[in-house]
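These are my notebook entries on a structure that I looked through element by element. I wrote down what I looked up and what I found each time.

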Amino acid sequence: MLLLTNELNKALQKKDQDIVNAMGLLNLSKRRLQTMRESGLESLMDEVSSFCGKHDILVPEMTEDYPRSKRKKSEISYLHHFRVEVFYAVIDLQLQELNNRFDVVTSDLLLGMASLNPVDSFANFSKSRIMKLAEYYKSEFGDNELRDLSYQLDSFIVYARECDSKFLNLKGIKDLATMMAQTKLDQTWSLVYLLVKLALILPVATASVERAFSSMKLIKNDLRNSIGEEFLNGCLVCKIERKIFENVSNDAIIDRFQNMKSRRVQL
């Protein structure tokens with residue numbers, strides 16, 4: 001099962017991720033897992049039996065009852081146990097995890113961002129994906145704005161690919177936003193520029209939320225379950241922004257607390 005998702009794992013761990021290819025590998029992993037669930041048990045059992053035979057490991061008879069309790073006779077066979085309670089359960093758990101991590105909304109957002117990437121002359125440009133991305137920002141893009149954005153995208157992509165060589169060697173969405181601002185095209189295609197800015201903010205906001213929840217699990221554990229909200233917020237700031245606090249000396253922190261109010265004991 002790890003082999004089926006190996007390519008996806010490698011793609012997601014790359015620093016310079018190709019989101020379009022990564023989403024393609026995600027769909028591939030889901031299909032291969034589903035195919036394995038439907039028709040992969042027999043070949044897997046053959047491999048396991050061969051391995052057990054080479055290493056003198058006892059293999060139970062699959063038609064025999066699976067022992068759940070010494071007092072009560074089991075009503076299921078070894079084959080049913082391995083197929084339903086082990087094989088199906090593990091694959092379903094993996095598929096559920098992939099679906100939870102990469103649901104429809106997440107996939108649309110990632111593909112929409114990738115479609116705005118200017119690398120290789122906007123090689124991944126897809127107007128439909130960009131419009132789908134804009135639809136998630138209902139406060140910024142109403143019906144009229146979506147209609148205008150559609151026209152602006154048609155003009156912008158032709159201009160960027162054929163009319164201005166400055167857009168041909170850009171390395172990412174950040175460079176695209178900078179170039180549009182420098183050339184005053186943020187005023188010409190204001191809605192395109194707005195969507196580019198939103199695409200720049202999105203990964204930061206998502207990552208910040210995930211880091212906050214991960215840090216909260218570490219700080220507010222069973223031993224500190226009754227921690228107050230103010231104290232929790234302070235601990236989270238120190239945890240999340242630890243790179244900034246690495247440059248702050250302990251003496252500076254002690255002096256600040258000492259000066260907050262008079263104390264009987266010198267810190």
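This is a predicted model: local features need pLDDT of at least 70, side-chain atom pairs count only at pLDDT 80 or more; totals for chains, interfaces and linings use all residues.

**Entry 1, Ala11.** I looked up Ala11 and found it in helix α1, which covers residues 6-13; helices here are DSSP runs of H or I with at least four residues, strands are runs of E with at least two, and both are numbered from the N terminus. Ala11 is buried, at a relative accessible area of 14%, where buried means under 20%, exposed means over 50% and partly exposed lies in between, with a 1.4 Å probe and protein chains only.

Residues are numbered from 1 along each chain as its sequence is written, and side-chain values use heavy atoms, with hydrogens and water left out.

I looked up the secondary structure and found 14 helices and zero strands in the protein. Of the 267 residues in the protein, 29% are buried.

**Entry 4, salt bridges.** How many salt bridges does the structure hold? I found four, taking a salt bridge as a side-chain nitrogen of Lys or Arg within 4 Å of a carboxyl oxygen of Asp or Glu. As background I wrote that side chains of opposite charge can pair when their charged atoms come close.

One of the salt bridges joins Arg37 and Asp92, whose closest N and O atoms are 2.7 Å apart. Arg37 belongs to helix α2 (residues 19-39) and Asp92 to helix α4, so this pair ties together parts that are 55 residues apart in sequence. Arg37 is partly exposed with a relative accessible area of 25%, and Asp92 is also listed as partly exposed, at 32%.

Another salt bridge is formed by the side chains of Asp154 and Lys127, at 3.0 Å from N to O. Because Asp154 sits in helix α8 (residues 143-163) and Lys127 in helix α7 (residues 127-135), the pair ties together parts that are 27 residues apart in sequence. Asp154 counts as partly exposed at 36% relative accessibility, and Lys127 counts as partly exposed at 27%.

I then looked up Asp148 and Arg147, whose side chains meet in a salt bridge at 4.0 Å, N to O. Asp148 is partly exposed, with a relative accessible area of 34%, and Arg147 is partly exposed at 43%.

For patches I kept to residues with over 30% relative accessible area and no salt bridge, where like charges are joined within 9 Å and nonpolar side chains (Val, Leu, Ile, Met, Phe, Trp, Tyr) within 5 Å. Accessible areas come from the Shrake-Rupley method with a 1.4 Å probe, and for residues only the protein chains shown count as cover.

Which residues make the nonpolar surface patch of about 620 Å²? I found Val237, Ile244, Phe245, Val248, Ile253, Phe257 and Met260. Helices α13 (242-245) and α14 (250-260) each supply at least two residues of this patch, and α14 gives the most, with three. Ile244, which is placed in helix α13, is exposed at a relative accessible area of 52%.

The negative surface patch is formed by Glu61, Glu64, Asp65 and Glu75; Asp and Glu count as negative and Lys and Arg as positive, while His and the chain ends are not counted. The place of a charge is taken as NZ of Lys, CZ of Arg, CG of Asp or CD of Glu. Glu75 lies in the loop between α3 (41-54) and α4 (78-101), and I found it exposed, with a relative accessible area of 78%.

I looked for disulfides, meaning pairs of cysteine sulfur atoms within 2.5 Å, and the count came to zero. Is Cys52 buried or exposed? Cys52 counts as buried, at 12% relative accessibility, whereas Cys163 is exposed, at 55%.

Last, I looked up Ala181, which lies in helix α9 (residues 173-182) and is partly exposed, with a relative accessible area of 30%. The C-alpha atoms of Ala181 and Tyr193 are separated by 8.5 Å, and the two residues are twelve apart along the chain.
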